[in-house]
Amino acid sequence: MSTEIGFFQMRMTVSTDQGQALQAVDVSPMARLDNGRRVRSADTLGAKIPRIPPQKDPMTQTTSRRLERLVRGQATSDGAGVKLTRVVANDLQQRLDPFLMLDAFGSDKAGDYIAGFPDHPHRGFETVTYMLHGRMRHRDSAGNEGLLKNGDVQWMTAGRGVIHSEMPEQEEGLMSGFQLWLNLPAKDKMCPPWYRDIPSAQVPQFTTEQGVTVRVIAGHSHGTDGSVQRDATQVLYLDLHFPEGENVTFEQALPSTHNAMAYVYQGSVDVVCGEDTAAVPTHHLAILRNEGDHVRLSAGQGTRALLLAGQPLREPIVQYGPFVMNTKEQIIAAMDDYRAGRLA
Ligand code: MN
């Protein structure tokens with residue numbers, strides 16, 4: 001039997017809300033599809049964060065979030081051999097609910113990306129691709145086609161199923177960007193697929209008085225509505241461009257119940273709470289504590305970072321490669337539908 005999904009991480013994982021538990025489940029009908037390639041879990045750096053109580057800002061009586069820990073992504077390959085960094089892997093799915101995965105890709109060596117991601121299925125969640133450099137062509141079973149290039153965003157809701165390809169349209173030069181996997185609530189996992197290309201010029205953005213340019217891919221920031229809004233996950237996706245020169249501060253309102261993270265892809269950022277600061281170096285993810293009502297980030301020197309937050313779904317997460325559902329039975333149904341040509 002031919003399956004074209006062998007390049008995914010084909011181990012079923014179940015994330016429960018008992019702590020950060022993650023168990024591997026061997027589902028015998030699928031075990032034979034396991035290609036033996038597994039993605040190593042994200043490396044956790046021992047961040048030395050002083051344990052001090054949240055500090056009140058005397059002017060507003062509010063507190064800002066502190067750094068919980070730093071995570072450095074792991075080099076891996078996916079698709080037909082695309083080299084990338086898996087920043088959020090499935091051991092963080094529970095902690096960062098509703099986020100399932102964050103990949104950063106970036107290389108000027110064609111061999112690292114040229115084979116792309118040939119036809120493969122998805123079910124049960126959304127993928128958000130943000131291209132910084134290069135060109136990627138998308139084609140899917142719903143008849144959508146789009147070319148992603150510098151600064152463009154593609155938002156795809158797989159819902160009950162799509163089969164698509166994501167292929168580079170360049171043979172040399174720098175290709176870089178991100179792919180985020182955002183979960184869908186149980187009630188929407190079998191919704192019809194949805195797709196939108198957002199050209200860079202249409203991504204809402206503003207510049208703060210301090211000179212921070214904020215691209216609002218999803219959610220709301222300082223009165224600017226992002227390109228996409230989601231009721232269940234309340235997703236916030238910002239790309240922050242700090243000015244050259246001295247450090248300035250950017251503040252974002254965030255409910256304490258929302259899980260939040262910042263990924264620094266150029267320069268370095270300080271997470272600021274009162275007098276306390278914690279540095280987040282380049283290519284590190286900062287998981288932010290669930291506390292306070294905002295986050296304060298300080299940076300300069302042209303630093304760039306993603307700020308992501310969302311309302312946790314608090315539902316069981318069962319993943320098998322490109323399918324993310326709530327139960328093993330739903331995963332088996334997805335496999336059956338894919339094999340029988342009913343997925344998309
Ligand atoms: Mn895909």
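Tutor: A residue is buried if 20 or more other C-beta atoms lie within 10 Å of its own, exposed if 12 or fewer, and partly exposed in between, with C-beta atoms placed from the backbone. The model here is predicted, so local features need pLDDT of at least 70 and side-chain atom pairs count only at pLDDT 80 or more, while totals for chains, interfaces and linings use all residues. Residue numbers start from 1 along each chain, as its sequence is written.

Student: Ok. How many helices and strands are in the protein chain?

Tutor: The protein chain has two helices and 29 strands. Both are DSSP runs numbered from the N terminus: helices are H or I with at least four residues, strands are E with at least two.

Student: And what share of the residues is buried?

Tutor: Of the 344 residues in the protein chain, 43% are buried.

Student: Let's take α2. How many residues does it have, and what does it reach from first C-alpha to last?

Tutor: Helix α2 covers residues 328-339, which is 12 residues, and it reaches 17 Å, close to the 16 Å expected at 1.5 Å a residue. The expected span is 1.5 Å times one less than the number of residues.

Student: Which residues of α2 are buried?

Tutor: Gln330, Ile331, Ala334, Met335 and Tyr338. Seen down the axis of α2, these buried residues fall within an arc of 145°, so they line one face of the helix. The arc is taken from the directions from the helix axis to the C-beta atoms.

Student: What sits on the face turned away from the buried side?

Tutor: That face of α2 carries the exposed residues Glu329, Asp336 and Arg339. Just after α2, Gly341 has a positive phi of about 75°.

Student: Changing topic: what does β6 pair with?

Tutor: Strand β6 (residues 82-88) pairs with β5 (residues 74-78) in the antiparallel sense over five bridges. Three bridges join β6 to β7 (residues 99-107), also antiparallel. Two strands count as paired if DSSP finds at least two bridges between them.

Student: Which residues are bridge partners there?

Tutor: Ala75 is partnered with Thr85 in β6, and Val88 with Leu102 in β7.

Student: How many residues lie between β5 and β6?

Tutor: Three, and the two strands form a hairpin. Gly79 in the turn has a positive phi of about 60°.

Student: Where is Pro98?

Tutor: Pro98 lies in the loop between β6 and β7. The peptide bond from Asp97 to Pro98 is cis, with omega near 15°. Most peptide bonds are trans, and most residues other than glycine have a negative phi.

Student: What about Gln301, where is it and what is its phi?

Tutor: Gln301 lies in the loop between β26 (294-299) and β27 (304-310). Its phi is near 50°, a positive value in a residue other than glycine. Gln301 counts as partly exposed because 13 other C-beta atoms lie within 10 Å.

Student: Last one: which residues have the most contacts inside the largest nonpolar core?

Tutor: Met261, Ala262, Tyr263 and Ala286, in a core of 89 residues. A nonpolar core is a set of buried Ala, Val, Leu, Ile, Met, Phe, Trp, Tyr and Cys residues joined through C-beta atoms within 7 Å. A contact means that the C-beta atoms of two residues, placed from the backbone, lie within 7 Å.

Student: What does Tyr263 touch?

Tutor: Leaving out residues up to four places away in sequence, Tyr263 touches Val87, Leu102, Leu285, Ala305 and Leu306.
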